[in-house]
Amino acid sequence: MHTDTDTSVTFASLSLSAPLQRALADKGYVRPSPIQAQAIPHLLQGRDLIGLAQTGTGKTAAFSLPLLDLLQRRPAAPQPRRCRVLVLTPTRELAIQIAESVEGYGRHLRVRCALVFGGVGEQPQIRALAAGPDIVVATPGRLLDLMQQGHLHLDRTEFFVLDEADRMLDMGFAPDVGRIVARLPKHRQSLLFSATMPSSIRDLANRLLTNPVTVEIAQAGTTADRIEQTVCFVDRPDKHRLLLHVLNRHAAGQRTLVFSRTKHGADKIARNLVRDGVRAAAIHGNKGQGARQRALGEFRDGIVPVLVATDIAARGIDVSEIGLVVNYDLPEEPEAYVHRIGRTARAGASGRAVAFCDREEHALLRDIQRLIRRPLTPDTDHPFAGRGAPPTVDHRPPASRSRTTPSAPNGHGGRPSFRHRHPSPLHRGGNPYRAR
Ligand code: AMP
């Protein structure tokens, strides 16, 4: 097994073909990332694979490179309305990025890639399918529509990739995925990627894959190590002013991604920032495809340095050099926190993540801290310190911990019990979370 520090593995030693190696050299990639080093040999041998990794680990190349290699080793004439590789991914942004990556890696090969996703006209996609692409990268809803209209048949599909499987299920795509998979030939090579492995994904993997190898990249841990993670306790009405303060203090001209739990909230946060002279835009599912692409483009180009996003909209953002992630609202699902902060510290860089926590969010913070197995560092050096006492990391079962996190309903700070469990300097000498 290869590790992060294993420098002996090269793309050449993975026996990828020369045109692929040339494309990698064009891109300036020197070494395979850990998931690439681990997954590529198994995939070249034809194995099914479970990849426990999230975006940012290099997983797109981990499946694209070997599949491109296998395609050209076994050339086949293009067939109208059929494809040899199907990649299913939950969002249009991810689909676009995967297709761009595949085309980049395959630039010295003759491969044709078609993109299929909703929110835009069907005709260009129908034409691309009619031409007989080698690879189709698609979101499930539109793909199923086009399949039902007879524009794509999967009877010749040799390779199937289910990307971000956990997100797929979160977004309610399980039935669509089931219908699509039912049309695939039994004999095929299948790959499933997921950042997390709850039992629902395990079940899905059991149905989809045959004797798979599992490759696991401990992204949550390794990313977390490179990201400076702090939490600011704040009263909800002060969050906007705290955001201005955090942007002034930490953004330093770097791209900043601000997360909101709701679409409405994202719009409001962006509007308030713009009102206060900050170049900001919001992206979420209610925005049209054009508006989302424009906002992403301006963010990528640095024209708009602050992007406010909901979790779903942010999944497709593959913009490197995001220096700061602000959790304006804490996510309901602790796993989403890991996804959110993973937007910074890409490709080995360091980054910063600041979480805002009001009194209603203490339980969410506690869940996050339990998941990442560490407390976030409280940042008390800001002018809007909220009055609620911070929650603690509590490893007891839910039944016995119902009232261990004081929420300070009277606004005078919580019980000091957490100090005994967290004897850090910050927790001594008075409640540091009181307003000054
Ligand atoms: P992914 O996890 O596939 O979204 O990839 C994350 C980012 O890392 C993308 O911007 C890729 O272009 C980049 N990348 C992938 N593999 C490598 C590599 N071996 N060396 C350097 N960058 C890479």
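1. In the pairing of strand 8 (227-233) with strand 13 (351-357), Gln229 stands opposite Ala353 of strand 13. Seven bridges join these two strands, which run parallel; two strands are taken to pair if DSSP finds at least two bridges between them, and helices (H or I, at least four residues) and strands (E, at least two) are DSSP runs, numbered from the N terminus.

2. A word on the basis of these notes: the model is predicted, so that local features need pLDDT of at least 70 and side-chain atom pairs count only at pLDDT 80 or more, while totals for chains, interfaces and linings use all residues. Residues are numbered from 1 along each chain as its sequence is written, and side-chain values use heavy atoms, with hydrogens and water left out.

3. Strand 8 also runs parallel to strand 14 (residues 377-378), to which two bridges join it, and here Val231 stands opposite Pro378. Six of the seven residues of strand 8 are buried, so the strand is largely enclosed by the rest of the structure; buried means under 20% relative accessible area, exposed over 50%, and partly exposed in between, with a 1.4 Å probe and protein chains only.

4. How many salt bridges does a search of the whole structure find? The search finds 25, a salt bridge being a side-chain nitrogen of Lys or Arg within 4 Å of a carboxyl oxygen of Asp or Glu. One of them joins the side chains of Arg359 and Asp235, at 3.6 Å from N to O. Because Arg359 lies in the loop between strand 13 and helix 16 (362-372), and Asp235 in the loop between strand 8 and helix 11 (239-251), this pair ties together parts that are 124 residues apart in sequence. Arg359 counts as partly exposed at 26% relative accessibility, whereas Asp235, at 14%, counts as buried.

5. A salt bridge also forms between Arg236 and Asp358, whose closest N and O atoms are 2.8 Å apart. Arg236 is in the loop between strand 8 and helix 11 and Asp358 in the loop between strand 13 and helix 16, so parts 122 residues apart in sequence are tied together by this pair. Arg236 is partly exposed, with a relative accessible area of 41%, while Asp358 is buried at 4%.

6. Asp329 and Lys239 meet through their side chains in a salt bridge of 3.7 Å, N to O. The pair links distant parts of the chain, 90 residues apart, with Asp329 in the loop between strand 12 (322-327) and helix 15 (334-341) and Lys239 in helix 11; both residues are buried. Through shared partners, salt bridges join Arg236, Lys239, Arg261, Asp329, Glu332, Asp358 and Glu361 into one network.

7. Which residues of helix 12 are buried? They are Gly265, Ala266, Ile269, Ala270, Asn272 and Leu273. Seen down the axis of helix 12, these buried residues fall within an arc of 160 degrees, so they line one face of the helix; the arc is that of the directions from the helix axis to the C-beta atoms. The face turned away from the buried side carries the exposed residues His264, Arg271 and Arg275.

8. Just after helix 12, Gly277 takes a positive phi of about 85 degrees.
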